[in-house]
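Below is a report on the fold of one protein chain, arranged by element. The sequence and the structure come before the text.

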Amino acid sequence: MDLTNEKIVEMYKVMKRIREFETNASRLFAEGIIPGFVHLYLGEEAVATGVCSSLNEDDYITSTHRGHGHIIAKGGETKYMMAELFGKETGYCKGKGGSMHIADATKGILGANGIVGAGQNISVGAGLSAKYRKSGQVCACFFGDGSTNQGTFHESINLASIWKLPVVFVCENNLYGISMSQARHQAIQDVADRAVAYNIPGVVVDGNDIFAVYEAATEAVARARSGQGPTLIECKTYRHKGHFEGDPTTYRPSDEVQEWMAKDPLPKAVAYLLDNEIVTEEELKKIDEEILREIAAAVKFAEDSPVPSLESIVQDIYTDIVEEVR
Ligand SMILES: Cc1ncc(C[n+]2csc(CCOP(=O)(O)OP(=O)(O)O)c2C)c(N)n1
Ligand SMILES: [Mg+2]
């Protein structure tokens, strides 16, 4: 692979940033500071990082209800994300969207999405737009195993395939849709098998191996960018926490959890960096400390930010948009 040491370190930083953001979100939710629902990306960091590292800055992503990792990996700003989780005025959606509605059009982040499968349709729209404008952009579309039973999955891949749109479909197969195991929700083991029905490549990769994800994504992105159409990449992975924070996860056998915790992508990446002498222990410590400081600053920013004013409840809604259009 054509990866410089510098790029490998950058990829590690992204994974670590996601890990630290999510660890803090978990704590702050348990303390009752973050309201609403949060679905954490802990354990799945290598997927978003590997895929987004293969994209250009002006490429697009669509995301899911478990979106923090995707947004960070595509360059979303952690302080505005954290403020949004807190419901504060300085957040990405001025505190009115929360975890599942974070978007940043300036970075090609077309939004987290509380509707399972809805990002798939949006990715086809983005791909169609890029093709129509001949912009050379690609859209990476993230979604879970559960969503691949939705009509949107099939309709989106069908259109992207027939129109050869520049979309990379990335299934994060974490073996569950809420409490429903994959074995109970579909009669196949590999979601990638479904690519056959649309005559596109379907690839299975170890989603906890950042290099495997990066390699598959790089190939799929090149294929998409050169007008050959979409690829379906299935990343086998596992979430460390429950479906949402507060989920007691009684439905997962403990040996399965242990098996996957041993495959945690973060220590794997650390071992790679040290074993291949890409960084020294000391340099790694400095990198980690820098990320810890960044996330602590994001939490402080969120804490210090004001809650939205009462008047803002009727701002940025339909009537405002109509006025803007006029
Ligand atoms: C259209 C729709 N149906 C049902 C739900 C409720 N729901 C939220 S997350 C989820 C499971 C999603 O599983 P998966 O796609 O595997 O993603 P994961 O949570 O494992 O990342 C469901 C059914 C929803 N949000 N939207
Ligand atoms: Mg799932």
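How closely do the axes of helix 2 and helix 8 come, and at what angle do they cross? They come within 8 Å and cross at roughly 35°. Axes here are lines fitted to C-alpha atoms, for helices over the stretch in contact, and angles run from 0 to 180 degrees between N-to-C directions.

## Basis of the report

This is a predicted model, in which local features need pLDDT of at least 70, side-chain atom pairs count only at pLDDT 80 or more, and totals for chains, interfaces and linings use all residues. Residues are numbered from 1 along each chain as its sequence is written, while chains are lettered from A and ligands numbered from 1 in the order in which they are written. Helices (H or I, at least four residues) and strands (E, at least two) are DSSP runs, numbered from the N terminus.

An open sheet of 5 strands has the order 1-2-3-7-6, with parallel pairing. Two strands pair if DSSP finds at least two bridges between them. Strand 1 (60-62) and strand 6 are the edge strands, each pairing on one side only. On average, neighbouring strands of this sheet are turned by 20° against each other, direction ignored.

Strand 7 spans residues 231-236 and is mostly covered, with 6 of its 6 residues buried. A residue is buried if 20 or more other C-beta atoms lie within 10 Å of its own, exposed if 12 or fewer, and partly exposed in between, with C-beta atoms placed from the backbone. In a regular strand the side chains alternate between the two faces of the sheet. In strand 7 both faces are covered: Thr231, Ile233 and Cys235 are buried on one side, and Leu232, Glu234 and Lys236 on the other.

Strand 3 (residues 167-173) runs parallel to strand 7 and is joined to it by 6 bridges; Asn173 has Lys236 as its bridge partner in strand 7. Strand 6 (residues 202-206) is also parallel to strand 7, with 5 bridges between them, and Val204 is partnered by Glu234 of strand 7. From strand 6 the chain passes through helix 8 (residues 210-225) to strand 7 in a right-handed β-α-β crossover. Right-handed here means that, with the strands pointing away from the viewer, the path from the first strand over the helix to the second runs clockwise.

## Helices 2 and 8 across the sheet

Helix 2 (residues 45-52) lies across strand 1, strand 2 (139-144), strand 3 and strand 7, and runs at about 170° to strand 3. Helix 8 lies across strand 3, strand 6 and strand 7, running at about 170° to strand 7.

The crossing of helix 2 and helix 8 is right-handed. A crossing is left-handed if the near helix is turned anticlockwise from the far one by less than a right angle, and right-handed if clockwise. Ala46, Val47, Thr49, Gly50 and Val51 of helix 2 meet Ile210, Val213, Tyr214 and Ala217 of helix 8. Two residues are in contact if their C-beta atoms, placed from the backbone, lie within 7 Å.

## Other helix pairs

Helix 4 (residues 78-86) and helix 11 (residues 281-304) have axes that come within 8 Å and cross at roughly 45°. Helix 4 is therefore oblique to helix 11. Angles under 35 degrees count as roughly parallel, over 145 as roughly antiparallel, 65 to 115 as roughly perpendicular and the rest as oblique. This crossing of helix 4 and helix 11 is right-handed. The residues in contact include Met82 and Phe86 of helix 4 and Ile295 and Phe301 of helix 11.

Helix 1 (residues 5-30) packs against helix 10 (residues 265-275) at an angle of about 150°, with their axes 11 Å apart. The two helices, helix 1 and helix 10, are therefore roughly antiparallel, and their crossing is left-handed. Tyr12, Met15 and Arg19 of helix 1 meet Pro265, Leu266, Ala269 and Leu273 of helix 10.

## Individual residues

Tyr176 is found in strand 4 (residues 176-177). Tyr176 counts as buried because it has 21 C-beta neighbours inside 10 Å. Leaving aside neighbours within four places in sequence, Tyr176 is in contact with Ser181 and Gln182.

Most residues other than glycine have a negative phi. Lys94, not a glycine, has a positive phi of about 55°, and its place is in the loop between helix 4 and helix 5 (118-133). Lys164 likewise has a positive phi, of about 50°, and lies in the loop between helix 6 (151-162) and strand 3. Lys94 is partly exposed, with 17 other C-beta atoms within 10 Å; Lys164 counts as partly exposed with 16.
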